[in-house]
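Please look over the sequence and the model shown here. The paragraphs that follow go through its contacts, its core and its confidence values.

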Amino acid sequence: MKRHTLSILGASVLTSLVLSGCNRDRGTEPEPTAAVSTRNHLVWKRYHAVEQDLSRALELAPDELCTELGRFRCVDEVHLAGLGGHDPFRQGLYEPLSDPLATTSLALERVALSACGTRVERDRTDPVVFTALALDEPAPAADSEAFTKTAQTLYRRLLSRDPEDSEQQALADLLVDDEGERLSSAEFAHLACFAVATTTEFSFI
């Protein structure tokens, strides 16, 4: 999964550089590809907001999102400091950190990966999020209604909006593995959920 994700990111960066070079050769400036923020102050999402947003979006109880050794909650125990929390009694943290740690993004990814995996397994018997997918069958085609509905569902639940064409295409790249073989619907659902839940947009408020 890591190699597949890194290859997608690498291809995206390479494509951007090539297009940028072509535009310079023509004497034109490249068109901006990112929307301008409507707010001048973004705040990184702390532990409680991460927990509540994932819990709401995936319809899981907070203690079902991620646990260490089946006992310790990832969000408010194991990765509390990295996710911007503090605990003066058990961990000696009297104030929350003002800036993210080097481990903050890894902590967010771990929680999202675990939560998405739990939701996929729950949906095998009680479909809630991935209602358009037959999770025991191969992943759908990129132009299918099942894929489109799944992409829309994830973006609406996690980011409260519909995906743009480029974002939907990025999810379509997750339908196959590094060798071009089609994944199962369960594998695609897990990857797609993780991809949307770890976007910069989801990580800030």
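How many salt bridges does a search of the whole structure find? The search finds 9, where a salt bridge is a side-chain nitrogen of Lys or Arg within 4 Å of a carboxyl oxygen of Asp or Glu. This is a predicted model, in which local features need pLDDT of at least 70 and side-chain atom pairs count only at pLDDT 80 or more, while totals for chains, interfaces and linings use all residues. Residues are numbered from 1 along each chain as its sequence is written, and side-chain values use heavy atoms, with hydrogens and water left out.

The overall layout comes before the individual pairs. The secondary structure of the protein comes to 8 helices and 2 strands; helices (H or I, at least four residues) and strands (E, at least two) are DSSP runs, numbered from the N terminus. Along the sequence the pattern reads α-α-β-β-α-α-α-α-α-α. Of the 205 residues in the protein, 35% are buried. Buried means under 20% relative accessible area, exposed over 50%, and partly exposed in between (1.4 Å probe, protein chains only). Contacts are pairs with heavy atoms within 4.5 Å. Among contacts between residues at least 6 apart in sequence, 62% join residues at least 24 apart.

Confidence comes next. The mean pLDDT of the protein is 79, and 65% of its residues reach 70 or more; pLDDT is the predictor's confidence in each residue, from 0 to 100. Over residues 2-26 the pLDDT is below 50, and this stretch has 11 contacts in the model beyond near neighbours in sequence. Where pLDDT is low, the predicted coordinates should not be read in detail.

Now the salt bridges. Arg157 pairs with Glu59, the closest N and O atoms being 3.0 Å apart. This pair links distant parts of the chain: Arg157 is in helix H5, Glu59 is in the loop between helix H2 (47-58) and strand E1 (67-68), and 98 residues separate them. Glu59 counts as partly exposed because its relative accessibility is 46%. Another salt bridge joins Arg122 and Glu64, with the closest N and O atoms 2.9 Å apart. Arg122 lies in helix H4 and Glu64 in the loop between H2 and E1, so the pair ties together parts that are 58 residues apart in sequence. Both partners are partly exposed, Arg122 with a relative accessible area of 34% and Glu64 with 29%. In a further pair, Arg156 forms a salt bridge with Asp162, and the closest N and O atoms are 2.5 Å apart. Arg156 is partly exposed at 46% relative accessibility, as is Asp162 at 38%. Elsewhere, salt bridges that share partners join Glu121, Arg124 and Asp136 into one network.

Cys116 and Cys193 form a disulfide, with their sulfur atoms 2.0 Å apart; the rule asks for a pair of cysteine sulfur atoms within 2.5 Å, and by it the count comes to 1 disulfide. The link is left-handed, with -70° about the S-S bond. Cys116 sits in helix H4 and Cys193 in helix H7 (residues 185-197), 77 residues apart, which makes this a link between distant parts of the chain. Cys116 and Cys193 are buried.

What is the size of the largest nonpolar core? It has 41 residues, and those with the most contacts inside it are Leu54, Phe130, Leu158, Leu171 and Phe188. Such a core is a set of buried Ala, Val, Leu, Ile, Met, Phe, Trp, Tyr and Cys residues joined through side-chain atoms within 4.5 Å. H2, H4, H5, helix H6 (165-172) and H7 each supply at least two residues, and H7 gives the most to this core, with 9 residues. Not counting residues up to four places away in sequence, Phe130 touches Arg119, Val120, Asp123, Leu135, Thr150, Leu154, Ala189 and Cys193.

Two local details remain. Ser144 lies in the loop between helix H4 (104-123) and helix H5 (145-159), and counts as buried because its relative accessibility is 19%. A polar atom of the Ser144 side chain lies 2.7 Å from the backbone oxygen of Ala141. Gln52 is found in helix H2 and is partly exposed at 35% relative accessibility. The C-alpha atoms of Gln52 and Pro62 are separated by 7.1 Å, with the two residues 10 apart along the chain.

How values were computed: Polar contact = N/O pair within 3.5 Å; in protein donor to acceptor, adjacent residues only side chain to side chain.
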